[in-house]
Amino acid sequence: MKSLNDQGKEVTEFCNKYWLMLDEKEAQQMYGGKEARTEEMKWRQWADDWLVHLISPNVYRTPTEALASFDYIVREGKFGAVEGAVAKYLGAAAMYLISKRLKSRHHLQDDVRKDLYEAANKWVAAVGKDRPFMGGQKPNLADLAVYGVLRVMEGLEAFDDLMRHTRIEPWYLRVEKAIAEASQ
């Protein structure tokens, strides 16, 4: 379906992109009920439409954080000395400026960490105290979507701040453990 976004630009959207094509038996086995399936779809879309847009403004929030983020990227990417230095300094400067534009585009607070913390606490509240994961006893696709967005910040100051200032760490560690166990 084609439509215009907030900036008047034409975009193509896929109305059923969060809907898994399952027959009734598979859906019942996987979700147990329609509410669980709808809840999973809602939170997967939230991860795509909101949570993912909090990454760049948070990891490139200040020149120092932008430089630290690119230092991590260069180190993990195993760049050569010259390419690494160019990528680190030019990339950090560019992403710092881009993050300011993204902050404005997505109407984030002056302190973008507040938006990140609110999002994490909103997620934890949605999961609730009565279940370890959004998917119940096992992570579902919403758990994996949120985990995946947060995982890209691991090793950076924004991630450490998120773990320190929100209630998301126990859930995050449970998902990490479940993924490790599933891959064995």
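Where does Lys78 lie? Point 6 returns to this residue.

1. Basis. This is a predicted model, in which local features need pLDDT of at least 70 and side-chain atom pairs count only at pLDDT 80 or more, while totals for chains, interfaces and linings use all residues. Residues are numbered from 1 along each chain as its sequence is written, and side-chain values use heavy atoms, with hydrogens and water left out.

2. Overall layout. The chain has nine helices and two strands; these are DSSP runs numbered from the N terminus, with helices being H or I of at least four residues and strands E of at least two. Read from the N terminus, the order is β-β-α-α-α-α-α-α-α-α-α. Of the 184 residues in the chain, 36% are buried. Here buried means under 20% relative accessible area, exposed means over 50%, and partly exposed is in between, with a 1.4 Å probe and protein chains only. Among contacts (heavy atoms within 4.5 Å) between residues at least 6 apart in sequence, 61% join residues at least 24 apart.

3. Nonpolar core. The term stands for a set of buried Ala, Val, Leu, Ile, Met, Phe, Trp, Tyr and Cys residues joined through side-chain atoms within 4.5 Å. The largest such core has 39 residues, and those with the most contacts inside it are Trp123, Leu150, Met153, Leu162, Ile168 and Trp171. Two or more residues each come from α2 (34-49), α3 (55-59), α4 (63-77), α5 (81-105), α6 (112-127), α7 (141-151), α8 (157-165) and α9 (169-182). The most is given by α6, with eight residues. Leu150 touches Leu51, Phe159, Leu162, Ile168, Trp171 and Tyr172, when residues up to four places away in sequence are not counted.

4. Helix pairs. Axes are lines fitted to C-alpha atoms, for helices over the stretch in contact, and angles run from 0 to 180 degrees between N-to-C directions. Angles under 35 degrees count as roughly parallel, over 145 as roughly antiparallel, 65 to 115 as roughly perpendicular, and the rest as oblique. The axes of α7 and α9 are 11 Å apart, and the two helices pack at an angle of about 105°; they are therefore roughly perpendicular to each other. On the α7 side the residues are Asp143, Leu144, Val146, Tyr147, Leu150 and Arg151, which meet Trp171, Tyr172, Val175, Glu176 and Ile179 in α9. For α2 and α6, the axes come within 13 Å and cross at roughly 170°, so this pair is roughly antiparallel. Glu39, Trp43 and Trp46 of α2 make the contact with Ala119, Lys122, Trp123 and Ala126 of α6.

5. The expected span of a helix is 1.5 Å times one less than its number of residues. With 16 residues, α2 reaches 22 Å from its first C-alpha to its last, close to the 22 Å expected. With 15 residues, α4 reaches 21 Å, close to the 21 Å expected. Glu65, Ala66, Ser69, Phe70 and Val74 are buried in α4, and what covers the buried residues of this helix includes α3, α5, α6 and α8. Thr64 also lies in α4, but Thr64 is exposed, with a relative accessible area of 60%.

6. Positive phi values. Most residues other than glycine have a negative phi, and most peptide bonds are trans. Lys78 lies in the loop between α4 and α5, and takes a positive phi of about 55° just after α4. Lys78 is exposed, at 70% relative accessible area. His107, in the loop between α5 and α6, also has a positive phi, near 55°. His107 counts as exposed at 70% relative accessibility.

7. Ser99. This residue is found in helix α5 and counts as buried at 1% relative accessibility. The Ser99 side chain reaches the backbone oxygen of Tyr60 at 3.1 Å, a polar contact (a pair of N or O atoms within 3.5 Å; within protein, one must be able to donate a hydrogen and the other to accept it, and residues adjacent in sequence count only if both atoms are side-chain atoms). Leaving aside neighbours within four places in sequence, Ser99 is in contact with Ser56, Pro57 and Tyr60.
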